[in-house]
Amino acid sequence: MRHADGGFTCQTFAPLRWRGWTGAARRGRQIASFALIGAILTLSGATTRAHARLVLPGEASVEESNGAVRAIAGWIDFCARMPEECTLDPAEPHVVPLTVAVWRTLLSVNRRVNARIRPITDQAHWGVVDRWDFPDDGSGDCEDYQLLKRRMLVERGLPRRALLMTVVIDEINEGHAVLTVRTDRGDFILDNKTDAIRPWRRTGYSFIKRAGQDSPAWVSLEGKDGAAQVATAEP
């Protein structure tokens, strides 16, 4: 049985028995079996080294909010249908300690969801202009990707309070939804347009508003003059 981390249990080696083998056949089977074991150990070692090489990103800045604003209509409807997904627990941490294990989880969930969901507009999918929902049928648009990532991360033990649905203006000047993960190293963005997880300032997006951490109200990410926080493009 292969473990999720690439290791192996002793069950892997259980079928390798020598009793009853004789002569050249026995030596041949032993050689083949040792070769198999060697290959498994080499693969396991390579996986372990690959995991060991995973390094944390540098420090990121924090998206500064500027007061409460009305939530996106699609979010309000989503919460009316699934209130358990929108209930905030003030006892939860408001940031995630960004350990190597957490970073690996974020990368894995982001890649898995991006690869498995087929992009489709809400109009084609649901017959409405905007609907926020889980892409449980394998299809969805940007916010549906992020809702699924949020649910999967909560299932893996991350605090929902630190996983924030966020609305931006993207590189083609259109509205787009991403997932902000607030960590003790700054704010990072999960996005269905890329498997890379970037500090929010390196996305190239203009940040408009996001879900709040202390109440159902969302918070503005625009300044007092109404200008959005503008992120720089990835070099």
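Visitor: Which element gives the most to the lining of the largest pocket?

Guide: This is a predicted model, where local features need pLDDT of at least 70, side-chain atom pairs count only at pLDDT 80 or more, and totals for chains, interfaces and linings use all residues. Numbering runs from 1 along each chain as its sequence is written, and side-chain values use heavy atoms, with hydrogens and water left out. Elements here are DSSP runs numbered from the N terminus: helices are H or I with at least four residues, strands are E with at least two. With three residues, the top contributor to the lining of the largest pocket is α5.

Visitor: What is the volume of the largest pocket?

Guide: A pocket is an open set of points on a 1 Å grid over the protein atoms alone, where a 1.4 Å probe fits, with protein on both sides within 12 Å along at least five of seven lines; lining residues have an atom within 4 Å of a point. Grid points are joined across faces, edges and corners, and a volume is the space filled by probe spheres set on the points. For the largest pocket that gives about 300 Å³.

Visitor: Which residues lie nearest the centre of the largest pocket?

Guide: α4, α5 (142-155) and β5 (175-183) each supply at least two lining residues. By class, the lining has seven nonpolar, six polar and seven charged residues; Ala, Val, Leu, Ile, Met, Phe, Trp, Tyr, Cys and Pro count as nonpolar, Asp, Glu, Lys and Arg as charged, and the others, Gly among them, as polar. Of the 20 lining residues, those nearest the centre are Thr121, Asp141, Cys142, Gly175 and His176.

Visitor: How many nonpolar residues are in the lining of the second largest pocket?

Guide: The second largest pocket has a volume of about 160 Å³. Its lining draws at least two residues each from α2 (73-81) and β4 (163-169), and α2 gives the most, with three. Beside two polar and three charged residues, the nonpolar count is eleven.

Visitor: Is His125 buried or exposed?

Guide: His125 sits in helix α4 (residues 122-126). The cut-offs are under 20% relative accessible area for buried, over 50% for exposed and partly exposed in between, with a 1.4 Å probe and protein chains only. His125 has 17% relative accessibility, so this residue counts as buried.

Visitor: With which side chain does the side chain of His125 make a polar contact?

Guide: Beyond four places in sequence, His125 touches Ile120, Asp137, Ser139 and Gly140, where contact means heavy atoms within 4.5 Å. A polar contact is a pair of N or O atoms within 3.5 Å; within protein, one must be able to donate a hydrogen and the other to accept it, and residues adjacent in sequence count only if both atoms are side-chain atoms. At 2.7 Å, the partner of His125 is Asp137.

Visitor: Which residue of β5 stands opposite Leu164?

Guide: Two strands pair if DSSP finds at least two bridges between them. β4 and β5 pair in the antiparallel sense over seven bridges. They form a hairpin with five residues between them, and Asn173 in the turn has a positive phi of about 65°. Opposite Leu164 stands Thr180.

Visitor: How many residues lie between β5 and β6 in their hairpin?

Guide: β5 is mostly covered, with eight of its nine residues buried. β5 pairs with strand β6 (residues 186-191) in the antiparallel sense over five bridges. Thr183 stands opposite Gly186 in β6. The number of residues between the two strands of this hairpin is two.
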